[in-house]
Amino acid sequence: LQQKIAKKRAIKQGAMQKLLKPKDDWEFISFDEAFSFLSTASYSRAQSYESGEISYVHYGDIHTKLEYFLDFKKDELNFINKEQVKNYSLLKEGDLIMADASEDYSGIGKSVEVRNLGSHKAIAGLHTFLLREKKDIFCKGFKSYIVSSNYVKSQLDKLATGLKVYGVSKANLKTILIPLPPTKQEQIQIATILSDMDTEIEALEKKLAKYQQLKQGLMQNLLTGKIRLV
């Protein structure tokens, strides 16, 4: 299963870069033209809680738990108190949350798109940019993939600064160009292909986790003598 997952990931990565490589008829739009930059909080992980009413997206969640999407139907986050919300912008469906700091180049500009928000309330937190479309530019599920493309990532890497921790400033991010297919239908087709591949990989990872948990339980039973082999 591990080998199969690695192979599927490699295939998906190749497909992603081929599909998202700018074509002759594609246009380009800057982050400043595409998005409004909304207010985010700066609470540390220690200032959040395991239960509550308002979810809190820490940049560590983006780096360690999330990939392309923050799905409120399945992803778990910490919470903050109502008193901590202040004037910070609540998330909306389709918002893009970008981590503005990373300990390595691979994590620079890593972003997730908000989906299945429903009635949940949440804010973006420490070391994140909260980006909301100024007008109807992207189809649902496309923006998280396109901002992860080689074209965008190479610009982010060039503008990143820092020694032990790398970051991109808001001023620099606003100048970065995003390639854009000429029609929404092409965006939908690309997003659907990549999403289907992600779903297949996720199913394999869940199966692997189940087998790992089963093995761990068997090990404990066998090595403690609860189960004896005769």
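Reader: Which element gives the largest share of the lining of the second largest pocket?

Author: Rolling a probe the size of a water molecule over the atoms shows where empty space is left. Here the largest share of that lining, 5 residues, comes from H7, a helix that spans residues 184-223. A pocket is an open set of points on a 1 Å grid over the protein atoms alone, where a 1.4 Å probe fits and protein lies on both sides within 12 Å along at least five of seven lines, and lining residues have an atom within 4 Å of a point. Helices (H or I, at least four residues) and strands (E, at least two) are DSSP runs, numbered from the N terminus. This is a predicted model, in which local features need pLDDT of at least 70 and side-chain atom pairs count only at pLDDT 80 or more, while totals for chains, interfaces and linings use all residues. Residues are numbered from 1 along each chain as its sequence is written, and side-chain values use heavy atoms, leaving out hydrogens and water.

Reader: What volume does the second largest pocket have, and which residues are the closest to its centre?

Author: Its volume, the space filled by probe spheres set on grid points that are joined across faces, edges and corners, is about 250 Å³. Of the 18 residues that line the second largest pocket, Phe69, Glu113, Arg115, Lys140 and Gly141 are the closest to its centre. E8, H4 and H7 are the elements that give two or more residues to this lining. Two of the central residues meet again as a charge and a ring, for the charged end of Arg115 sits over the ring of Phe69, 3.9 Å from its centre; the rule asks for NZ of Lys or CZ of Arg within 6 Å of the ring centre and within 35 degrees of the ring normal.

Reader: How should I read a pair of rings, and how do the rings of Phe35 and Phe138 lie?

Author: A pair of aromatic rings is described by the distance of the centres and the angle of the planes. Rings of Phe, Tyr and Trp (its six-membered ring) pair if their centres lie within 6.5 Å, with planes under 30 degrees apart counted as stacked, over 60 as edge-to-face and the rest as tilted. The count comes to 9 aromatic pairs. Phe35 and Phe138 form a stacked pair, because their ring centres are 5.6 Å apart and their planes stand at 10 degrees. Phe35 lies in strand E2 and Phe138 in the loop between strand E10 and helix H4, so the pair ties together parts that are 103 residues apart in sequence. Both Phe35 and Phe138 are buried, which is to say under 20% relative accessible area, where exposed is over 50% and partly exposed in between (1.4 Å probe, protein chains only).

Reader: How many salt bridges does a search of the whole structure find?

Author: Side chains of opposite charge can pair when their charged atoms come close. The search finds 16 salt bridges, each a side-chain nitrogen of Lys or Arg within 4 Å of a carboxyl oxygen of Asp or Glu. One of them joins the side chains of Asp136 and Lys184 at 3.1 Å, N to O. Asp136 lies in the loop between E10 and H4 and Lys184 in helix H7, so this pair ties together parts that are 48 residues apart in sequence. Asp136 counts as exposed at 64% relative accessibility, whereas Lys184 is partly exposed at 31%.
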